[in-house]
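The sequence and structure are shown first.

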Amino acid sequence: MEALLRKDLCAAQDIAEELSAQPSREKAKAFCIFASEALRKIFLLQQGMESLAGMSPREKESLGAIASRCRKNFSRTALPLLDRSHMLIGRNINLKILFCDLVNKLYSILWTVK
């Protein structure tokens, strides 16, 4: 997220490479679940519902910094992408292609003017 928020697509793609090199598909699925949960918490922070998120103070601080820099609709738009990625990993898709595409779509959600 930090690379995407800095508009550093090359760094974000490097992270996508690292994600695609996971030792197992289960770890890649676990990442999608972790990222989905983080997006849910970011959404709750943006809506002023911190008490529903169930975060530690450290997590609230780091996700709060991200929430303040994202568009309000980012979480709602990005969550289906992560759900789809999770489903495609189970269907044996190439992880390099999947995570590269995911990063490109997340970048475009963040920085495309609508």
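## The buried side of helix H6

In this predicted model, helix H6 buries Phe74, Ser75, Ala78, Leu81, Leu82, Ser85, Leu88 and Ile89. These residues cover an arc of only 145° around the axis, which places them on the same side of H6. An α-helix has 3.6 residues a turn, so residues three or four places apart point the same way. The buried residues of H6 pack against H3 and H7.

Helix H6 comprises residues 74-90. Its 17 residues should span 24 Å at 1.5 Å a residue, and the end C-alpha atoms lie 25 Å apart, which agrees with that expectation.

## Packing of helices H2 and H7

Two packed helices are described by the angle between their axes and the distance between the axes. For helix H2 (residues 9-20) and helix H7 (residues 95-111), the axes come within 8 Å and cross at roughly 150°. The crossing of H2 and H7 is right-handed. On the H2 side, the residues in contact are Leu9, Ala12, Gln13, Ala16, Glu17, Leu19 and Ser20; on the H7 side, they are Leu95, Lys96, Phe99, Cys100, Val103, Asn104 and Tyr107. Sorted by class, this contact has 9 nonpolar, 3 polar and 2 charged residues.

## Length and burial of helix H2

From its first C-alpha to its last, H2 reaches 16 Å with 12 residues, close to the 16 Å expected at 1.5 Å a residue. The buried residues of H2 are Ala11, Ala12, Gln13, Ala16, Leu19 and Ser20. Among the elements that cover them are helix H1 (2-5), helix H3 (25-46) and H7.

Ala11, in helix H2, counts as buried because its relative accessibility is 19%, the cut-off being under 20%. Neighbours within four places in sequence aside, Ala11 is in contact with Ala3 and Arg6. Glu26 lies 15 residues from Ala11 along the chain, and their C-alpha atoms are separated by 24 Å.

Ser36 lies in helix H3 and, at 14% relative accessibility, counts as buried. When residues up to four places away in sequence are not counted, Ser36 touches Leu79, Leu82 and Asp83. One of these, Leu82, is also among the buried residues of H6.

Ala38 is likewise found in helix H3, and its relative accessibility of 16% makes this residue buried. Between Ala38 and Ser24, which are 14 residues apart in sequence, the C-alpha to C-alpha separation is 22 Å.

## Loop residues with positive phi

Most residues other than glycine have a negative phi. Which values of phi do Lys7 and Asn92 take? Lys7 has a positive phi of about 60° although it is not a glycine. This residue is found in the loop between H1 and H2 and is partly exposed, with a relative accessible area of 48%.

Asn92, also a residue other than glycine, has a positive phi near 70°. At 55% relative accessibility, Asn92 counts as exposed, since the exposed class begins over 50%.

Key
Residues are numbered from 1 along each chain as its sequence is written. This is a predicted model: local features need pLDDT of at least 70, side-chain atom pairs count only at pLDDT 80 or more; totals for chains, interfaces and linings use all residues. Side-chain values use heavy atoms; hydrogens and water are left out. Axes are lines fitted to C-alpha atoms, for helices over the stretch in contact, and angles run from 0 to 180 degrees between N-to-C directions. Helices (H or I, at least four residues) and strands (E, at least two) are DSSP runs, numbered from the N terminus. A crossing is left-handed if the near helix is turned anticlockwise from the far one by less than a right angle, and right-handed if clockwise. Contact means heavy atoms within 4.5 Å. Ala, Val, Leu, Ile, Met, Phe, Trp, Tyr, Cys and Pro count as nonpolar, Asp, Glu, Lys and Arg as charged, and the others, Gly among them, as polar. The expected span of a helix is 1.5 Å times one less than its number of residues. Buried means under 20% relative accessible area, exposed over 50%, partly exposed in between (1.4 Å probe, protein chains only). The arc is that of the directions from the helix axis to the C-beta atoms.
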